[in-house]
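Please open the structure in your viewer and keep the selection tool at hand.

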Amino acid sequence: MIKIITLKEYTKMRTFVLATVAIMAASTALAETVISGSIDLDVTENQTTDKYVATPSFNLDFNHNSDAAFGAIELARDSSNDLVIDDWHIGTTVAGSTVSFGDQGGIMPTAIAATSFDSLNDPNAAMKESIQVSTMGVSLAAGFTDISTDVSDVANVQASYTMSLPIVDVTAAVDWNNTTDKYIWGGRAAASVSTVAVGTTMTYAADVLALETDATLMGFTAYLNGNENDWTENAGLAYTTDINGMTLTADANYNFDASEVTPGLELSVKF
């Protein structure tokens, strides 16, 4: 029996085939290019429907052996079940400085908790395409509103500085929004003592201080976050282990206000 596929199904198949052919062609043409990546599956609970949903994503990283050039692309399934390019970037290293361009997020310190349980003010998620420069612990990023209409229209600018002290690594960062002329300040301090890693991440925005404290030991990571209006908003625990080459992370978040536990599961295979 011959199955007649729809135009939408054909478009999905064509996108996947073209992406596969492009990757194979690139690896053949550039014999010295090292290709690595991962296939991820994230299972979470939909807070609206209380149903569990699975979101797959595909990540590819490209590095050239004889050059400092690099690139990456992430394919993900959108709400319409279509395969789309989620993140991408290209870059190179010049005289010890790394320069990259693409849809690559921001450089502000971020929370360990998932976005829906994040008490911090995170401007990274709103960034689209950006150009980023990093050298000697200093990172700069300029995000654009829409590069398809005006590459000179800067939406926001970020800067960060990381220094390593004998006991602790400290990062200070700031985000400036060109539209609102508002600042978001951020920072993180992290240290490792024997087999225990501990850290605290903070943001200060709209006159509100928010904190998340975390600790990692033997594959377990715990966190507690909140802000000055409510220091205990969420607590979470995650366990990460390797099963014959597959990385499995099981986690759970407890929201103090709702008295609700939300579990999650992530599977990842790297190649």
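Before the first stop, one convention is required: Ala, Val, Leu, Ile, Met, Phe, Trp, Tyr, Cys and Pro count as nonpolar, Asp, Glu, Lys and Arg as charged, and the others, Gly among them, as polar. The model is predicted, so local features need pLDDT of at least 70 and side-chain atom pairs count only at pLDDT 80 or more, while totals for chains, interfaces and linings use all residues. Residues are numbered from 1 along each chain as its sequence is written, and side-chain values use heavy atoms, with hydrogens and water left out.

**The whole chain**

**Strand β16 and its partners**

Next, select residues 260–270, which form strand β16. Which strands pair with β16? Strand β1 (residues 33–45) is joined to β16 by 7 bridges, and the two run antiparallel. Strand β15 (residues 246–255) also runs antiparallel to β16, with 10 bridges between them. Two strands are said to pair if DSSP finds at least two bridges between them.

Remain in β16 and select T262. Is T262 buried or exposed? T262 counts as buried because its relative accessibility is 6%. Leaving aside neighbours within four places in sequence, T262 is in contact (heavy atoms within 4.5 Å) with E45, Q47, F117, D251, A252 and N253.

**A residue in β13**

Select N225, whose place is in strand β13. N225 counts as buried because its relative accessibility is 0%. Beyond its neighbours within four places in sequence, its contacts include A113, F117, W231 and N234.

**The largest pocket**

Now select D42, I112, A113, A114 and T115, which lie nearest the centre of the largest pocket among its 41 lining residues. A pocket is found on a 1 Å grid over the protein atoms alone: it is an open set of points where a 1.4 Å probe fits, with protein on both sides within 12 Å along at least five of seven lines, and lining residues have an atom within 4 Å of a point. About 1500 Å³ of space lies in this pocket; grid points are joined across faces, edges and corners, and the volume is the space filled by probe spheres set on the points. The lining divides into 15 nonpolar, 16 polar and 10 charged residues. Strand β2 gives the most to the lining, with 5 residues.

**Two loops**

Finally, select D181 in the loop between β9 (168–177) and β10 (183–193). D181 has a positive phi of about 60 degrees although it is not a glycine. Most residues other than glycine have a negative phi.

Methods:
Helix = DSSP H or I, 4+ residues; strand = E, 2+ residues; numbered from the N terminus. Buried < 20%, exposed > 50% of the residue type's maximum accessible area, 1.4 Å probe, protein only.
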